[in-house]
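Subject: Structure handover and notes

Dear colleague,

Please find below the structure that I promised to pass on to you. My notes on it follow directly after.

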Amino acid sequence: MPSTGPRPTIHIPGTTSHTIAPRAGHGSDEGTLRYLRAGTGAPLVLLHTVRTQAEHFRSLIPLIADQYTVYALDLPGMGYSEIVPGASYDEPAMRAGVKRLLTELDLHDVTLVGESMGAVLALTTAADLPERVRRVVAVNAYDFRGGIARSSLLARVVVSGVLAPGVGAVVAGVEPKPVVRRILEGGVVDKTALREDYVDELLQVGRRPGYPTVARAVYQSMPSLIAARSRYPEVKAPVHLVYGEKDWSRPSDRQADKELLPAADFTQVPGAGHFIALERPDLLADLLNAVA
């Protein structure tokens, strides 16, 4: 990855930053991937939400690093992973990035932990790589119609603008801090869980050249995330479904996933919203450390 450009403003104690280069012959459709690594033990891979990055797990990583070797991935084009002009950001393309992490680092006995979009990718990656995945923890799977637009009127207006033909790319590139904060607050019950330096970090990433195109493409990928639910019954590894009581998903959405994964464990977190890794990292850490 080029040495120029913005660098993360948040440092997570005990983590180091690494990159994975495109595979030979894939240079035109693969970019360099960035990930954070911390801890010792069996591998655990963290997959972030829509419009965020590896630092989304800043509070969780220190709580599990004594039990696991943690890999927190910046999904393709997001965070500080390379933006490749013309690249796809639908579910299969993002899943390919996750699979690159597991295969290029030759990880086995992996616990895949994803939140939101990352939860969908954790499940579909487990379906593709059963020989590498030990278990899946899927937090607030983002696989239902509406997605973040369900969180507030403001979010509906902004997402509709981003998706609008013609002007969508312009709208995606305009991110006033108060608007971004208000939209992100729609994913938490405890507003203090959304720290100011984290919002600033996301805004810095949003100013990377080409990022508005990525952001718009990710919102446009919603149908592919919904379609990916058809892969859930293929997952061989044990699955734990975790939902915030106040998540954007409805009880019917959660029940639909439970029916696709009838053997899965199920936990509903009282008083939590969509971003459980921000609001209740302690709960996720307890759940993960108990089965390390």
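**Surface, charge and overall form**

The protein exposes about 11,800 Å², of which carbon and sulfur atoms supply 55%; accessible areas come from the Shrake-Rupley method with a 1.4 Å probe, and for residues only the protein chains shown count as cover. Please keep in mind that this is a predicted model, in which local features need pLDDT of at least 70 and side-chain atom pairs count only at pLDDT 80 or more, while totals for chains, interfaces and linings use all residues. Residues are numbered from 1 along each chain as its sequence is written, and side-chain values use heavy atoms, with hydrogens and water left out.

There are 31 positive and 32 negative side chains, and the centres of the two sets lie 3 Å apart. In that count Lys and Arg are positive and Asp and Glu negative, with His and the chain ends not counted, and the place of a charge is taken as NZ of Lys, CZ of Arg, CG of Asp or CD of Glu.

The protein has twelve helices and eight strands, where helices (H or I, at least four residues) and strands (E, at least two) are DSSP runs numbered from the N terminus. Its radius of gyration is 17 Å, close to the 19 Å that the globule rule gives for 292 residues, so the protein is as compact as a globular protein of that length; the radius is taken over C-alpha atoms, and the rule is 2.2 Å times the number of residues to the power 0.38. Taken along the principal axes, the C-alpha atoms fill a box of roughly 45 × 45 × 35 Å.

Of the 292 residues, 56% count as buried (buried means under 20% relative accessible area, exposed over 50%, and partly exposed in between, with a 1.4 Å probe and protein chains only). Among the contacts with a separation of 6 or more, 75% are between residues 24 or more positions apart, a contact being heavy atoms within 4.5 Å.

In soluble globular proteins, nonpolar side chains tend to be buried together. Here the largest nonpolar core has 95 residues, and those with the most contacts inside it are Val45, Leu46, Leu102, Leu112, Met117 and Val136; such a core is a set of buried Ala, Val, Leu, Ile, Met, Phe, Trp, Tyr and Cys residues joined through side-chain atoms within 4.5 Å. Helix H3 (residues 117-128) gives the most to this core, with eight residues.

Leaving aside neighbours within four places in sequence, Met117 is in contact with His48, Thr49, Val50, Leu75, Met78, Met94, Tyr142, Val218 and Leu225. Thr125 is also placed in helix H3 and is buried, with a relative accessible area of 0%.

In the loop between E5 and H3 lies Ser116, which has a positive phi of about 65 degrees although it is not a glycine, and which counts as buried at 1% relative accessibility. Asp106, found in the loop between helix H2 (91-104) and strand E5 (110-115), also has a positive phi, near 50 degrees, in a residue other than glycine, but Asp106 is partly exposed, with a relative accessible area of 47%.

Thr103 is placed in helix H2 and is partly exposed, at 32% relative accessible area. Not counting residues up to four places away in sequence, Thr103 touches Leu129 and Arg132.

**Helices H7 and H8**

Eight of the eleven residues of helix H7 (residues 196-206) are buried, so H7 is largely enclosed by the rest of the structure. The buried residues are Tyr198, Val199, Glu201, Leu202, Leu203, Gln204, Val205 and Gly206, and what covers them includes helix H6 (177-185), helix H8 (211-220) and helix H11 (276-279).

Ala215 has its place in helix H8 and is buried, with a relative accessible area of 9%. Although Ala215 and Arg51 are 164 residues apart in sequence, their C-alpha atoms are 6.6 Å apart in space.

With best wishes
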